[in-house]
There are 4 protein chains.
Amino acid sequence: MIVVMKVGSPETEINRISQEFSDWGLTPEKIVGKHKVVIGLVGETASLDPLQIQEISPWIETVLRVEQPFKRASLEFHHGEYSDVVVPTPAGVVTFGKNHPVVLVAGPCSVENEEMIIETARRVKAAGAKFLRGGAYKPRTSPYAFQGHGESALGLLAAAREATGLGIITEVMDTADLEKIAEVADVVQVGARNMQNFSLLKKVGAQPKPVLLKRGMSATISEWLMAAEYILAAGNPNVILCERGIRTFDREYARNTLDLAVLPVLRHLTHLPIMIDPSHGTGKAEYVPTMAMASVAAGCDSLMIEVHPNPAKALSDGPQSLTPAAFDELVPQLAVIGRAVKRWWDVPVLTH
Amino acid sequence: MIVVMKVGSPETEINRISQEFSDWGLTPEKIVGKHKVVIGLVGETASLDPLQIQEISPWIETVLRVEQPFKRASLEFHHGEYSDVVVPTPAGVVTFGKNHPVVLVAGPCSVENEEMIIETARRVKAAGAKFLRGGAYKPRTSPYAFQGHGESALGLLAAAREATGLGIITEVMDTADLEKIAEVADVVQVGARNMQNFSLLKKVGAQPKPVLLKRGMSATISEWLMAAEYILAAGNPNVILCERGIRTFDREYARNTLDLAVLPVLRHLTHLPIMIDPSHGTGKAEYVPTMAMASVAAGCDSLMIEVHPNPAKALSDGPQSLTPAAFDELVPQLAVIGRAVKRWWDVPVLTH
Amino acid sequence: MIVVMKVGSPETEINRISQEFSDWGLTPEKIVGKHKVVIGLVGETASLDPLQIQEISPWIETVLRVEQPFKRASLEFHHGEYSDVVVPTPAGVVTFGKNHPVVLVAGPCSVENEEMIIETARRVKAAGAKFLRGGAYKPRTSPYAFQGHGESALGLLAAAREATGLGIITEVMDTADLEKIAEVADVVQVGARNMQNFSLLKKVGAQPKPVLLKRGMSATISEWLMAAEYILAAGNPNVILCERGIRTFDREYARNTLDLAVLPVLRHLTHLPIMIDPSHGTGKAEYVPTMAMASVAAGCDSLMIEVHPNPAKALSDGPQSLTPAAFDELVPQLAVIGRAVKRWWDVPVLTH
Amino acid sequence: MIVVMKVGSPETEINRISQEFSDWGLTPEKIVGKHKVVIGLVGETASLDPLQIQEISPWIETVLRVEQPFKRASLEFHHGEYSDVVVPTPAGVVTFGKNHPVVLVAGPCSVENEEMIIETARRVKAAGAKFLRGGAYKPRTSPYAFQGHGESALGLLAAAREATGLGIITEVMDTADLEKIAEVADVVQVGARNMQNFSLLKKVGAQPKPVLLKRGMSATISEWLMAAEYILAAGNPNVILCERGIRTFDREYARNTLDLAVLPVLRHLTHLPIMIDPSHGTGKAEYVPTMAMASVAAGCDSLMIEVHPNPAKALSDGPQSLTPAAFDELVPQLAVIGRAVKRWWDVPVLTH
């Protein structure tokens, strides 16, 4: 932590501040510049808040952080080793991680009825997916829009799991629903709008199922990793990060701006596995294949793609869903890129 | 709702779509343009989702909304009359609304101990505040930062209420805590990070205390009003909107960008009372007085200002807090503007 | 300048770097932290580029600037004194500055014909304006939109100046036009889209007329002040900064987000006078009066307001223009606030 | 164009407006909705400005555009056919376009001296580049930073062209320099900061060399295509679009946010070839290879990559430059992806 003093700060004030830092168990090191004095703080500074330090004296101009604020999520603190998140599913163990094939997650925005969810599960499994996504509880901008079938949809997800062997990923929106969701889900999802719902983060961190943490739509990388830190600090080491598009000044043609460039940045900062969601990331089905291919080339560990048997009749997010047929067509294209970057498994024979 | 068809859309498809709209109980009106056909939908369209309509046919280029998506929050649906939110406090009834004096809300970011909260309450009351703000549960970016004293802090707020007669505004972060917070609070606050925590919105909408709804840091005006709509639709008519700074590309000198210009926009769209929070809005105490004065000139109904007896020792948000002395100095300056725009009450004599 | 080394940087590399800084005439001061080494650079560092320093070694993690990059625009380097920009006009000298009354600038987006510009000039002068704004050369998003009457419009501005005694403010878009514009204009305007047209900045800095520098629509405060620095460094000390709205994620109801909170920030950073343009800042005439009043309360030195005799027939920017009658009505409202903050002159009697 | 009237608009006003549209040669078609009346305008509306239409009556609530504002840049108006930009270079003709191999453009940010530019040119050519980029005139945030060697650097670029046969791409910042730049350059670049310098756009549109148009850092897709429209409308059909990163709320780890997802959007909107610049797009050399690979997988027509023989000593933009050795290593990786998507040529044997 570096404390920059204002021009003309009195010597006595600098000494008083230095003493205060010493009292905190830190070692202050003073540098007298041409115009300004700066104080370097040596010691255990990672959990200090720069804003709070600033308040010690009105003569402090600014406080600059040298250490990253996240620890458990940090690649550096993990000795430079990338983690695997290993998830048992009925059809076998699936591993998310930098040294494993790209894991495909597919399915509809929301679970609508038994037939559609089982049909979709069968189709995406046949095409190569390992996980079925599908919402029982849906965050919707309007109170008048379909809010998900809730608990009954959880039963349908369990049925699809049993019928196909796919793992289940579904979202939790309220701490009160966590227990029953975690009974069905193989991975519990925290959605973009709840990325800084700290009560929820603490509670998903205190249960055993792996957590998929979507990036908030205007969350900085640092805030996102701090949200992961909440889960890790609560005791759950299995966190997967999912980029799903950020909010920028231009929303005329795409609903969000897919920040694919976050991928190499995260690889330098964190050991956690990285998923990309080009469906929410772009908001339009016609842009999904291109961005899915780019994601694989950029080295993502997993892809989440919305697939709906009849997007025109979808109760939510229709415009960004692929049909099962379009997904069938996309997977072999992804495989070509995936093999080129050595991140693909043998493509299953399509038998539906 | 206006449906724009792609260039070259087949006549049969346009007819099929029109029939589908008729089946929904809408009246489609077709306009044949030079290059494109558009279909106007007449009927009850406010609750329709444009994205979903788009999915009816691949020949639909775009769907444009003519009606606002919010109803209960809308000025138009409220016959152009602005609402009052009337809050009983121990010291008397306080009214938030366009035709009433500016209501001052002040206090620390978080409740730290009995002495500080009661001392702060006394000082801000003497200066002219009608409500004490103070957090028992605090949303913090880092899991390692002070998270609020929780339930015990609620007791201290109750004590401050009793000691001073001020109304209490405090934040709820988890549906599980709502009941005990609503027992103490005169106004329940939903924070910026939970603006789209729809479970929470439904539950604060189903209890009787007025709700202060802060704008999410990248929420559009439309999303903000839809969040208010959740509360209103759940049965609670007493919602106050609070602008607290949005996230933009420049965060070097101010933590957020206070979007004061939202004030005239909201006045055209909604009947709900409007509060401005220049403390979070700028993130620095030295910018607060200027923006508080501008807010009063712009016609806000209420101001929320952070005041802490010793900002340097604050457990959270110190840099943006005024001292009680600075608040004492600010209120008469606000009064000068407030009287000029005829939105002030008689300034109380400072007797502390 | 603070150089932060990566964890595990070799001692020899730290010594090599330190030697290189010494060779540049700087004094490196090393602080050995618990995890990282940082090097403080003492000496003349204001003109160094942090990005370039970073390239000296792959072991450098980041470089933090302690000094502001701007000098001539800085309040600190100006010994804490605010500057006045004094402009002679036919009707007398007008001063822009923190210790002077608010200067009103008004007029149409573009000069359309002699009658309209002279009529508008008369009306805004009668209401209290000191300067007429009006574009001869117009930056337009579309090549098919009206591009301004160019040179002939300059003649009309000169006629309006002569007829009314108002000073003239008009925009230069091309270095080739500067000379003829500077002959007519009392203040030369650099528009938002050209804020980083460095060729243009150098050239307006090398001519004697004061310059109005509009903020680019996504320019940081720092970039804006560096653009001012270009003009100041080229020899022209008379620069007025004009905030005109920035680009954010929400553009549904207002064209831009007027960043009024930049006002107190600029007051801490720079000595240059500050103008606010609520017309471009909001993009809608109905929001202009509210934000104009807020600007005066916030302490702006000048206001620029679009006024057009017939906004419905304007060749550009009609929706954000006030009618002369609306401007007549607004000025006395501004005066009420202006007098409250002691920044107003005696309001002239309206005699038209 | 769709005109939405406010609730309660008087019949007489609707008739008056309709008459006015008829007078303009348009056919107004009225739809009477449940709450509002909308008027569809049939005829030649592409060049109309919605903001201007809105001014016709205070009873108009909003005006919605149905047609795109760009024509010559539009894929639709180009009958769905993608264009090629064919550039003769000393080493042969190079074609930019969707049905051609990815064109590699490489070189330093600025031309520093003869040895460095010729050495760099030789290395990037050997690795597979077809064009050398290098700045003679440099837009720099600070007036105290290196501004480019100007005219003398143009001579060095000509020498590098002759020595290697590479085409030259270099930036024009001032209309006054265009002629001498166009003598040396095979492609003239308009930089991000000048994307809406309309004087410059008109002038590069009126000369015969192809133009590389970089996206402004907060330009919407629509504004970018309108900037291209300026060049096309001035008579120059050879425009290449270059995405180079946009400005968002997070700039802590990457200088810009590379908006790779603009690629599929542009493919639906425009026939013009698309280049991606991952060097400026991310601002850090370590992120460039990943994003270059993603760009090829996403189907870009060209890549622009900064290469400098000694990034640590670069006079500008060092941190984002690859060394020639890193570029040598990258190209075969790109080739693997490029062949997978069938957009690569035979990789040349590296012989340096």
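The legends below describe close-up views of a predicted model. Local features need pLDDT of at least 70, side-chain atom pairs count only at pLDDT 80 or more, and totals for chains, interfaces and linings use all residues. Residues are numbered from 1 along each chain as its sequence is written, while chains are lettered from A and ligands numbered from 1 in the order in which they are written.

**View 1. Domains of chain A.** Chain A is split into domain 1 (2–64) and domain 2 (85–340); the bounds come from an automatic or database domain assignment. Between the C-alpha centres of domain 1 of chain A and domain 2 of chain A the distance is 44 Å.

**View 2. Contacts of chain C with chain B.** Here 35 residues of chain C are in contact with 35 residues of chain B (contact: C-beta atoms, placed from the backbone, within 7 Å). On the side of chain C that touches chain B, two or more residues come from each of helix 7 (221–233), helix 8 (262–269), helix 9 (278–282), helix 10 (288–297) and helix 11 (324–340) of chain C. Helices (H or I, at least four residues) and strands (E, at least two) are DSSP runs, numbered from the N terminus. Helix 10 of chain C gives the largest share of this side, six residues. By class, this side of chain C has 21 nonpolar, 10 polar and four charged residues. Ala, Val, Leu, Ile, Met, Phe, Trp, Tyr, Cys and Pro count as nonpolar, Asp, Glu, Lys and Arg as charged, and the others, Gly among them, as polar.

**View 3. Contacts of chain B with chain D.** In this pair, 21 residues of chain B are in contact with 21 residues of chain D. Strand 1 (2–5), strand 2 (27–32) and strand 3 (37–42) of chain B each supply at least two residues of the side of chain B that touches chain D. The largest share, three residues, belongs to strand 3 of chain B. Nine residues of this side of chain B are nonpolar, five polar and seven charged.

Definitions and conventions: Two residues are in contact if their C-beta atoms, placed from the backbone, lie within 7 Å.
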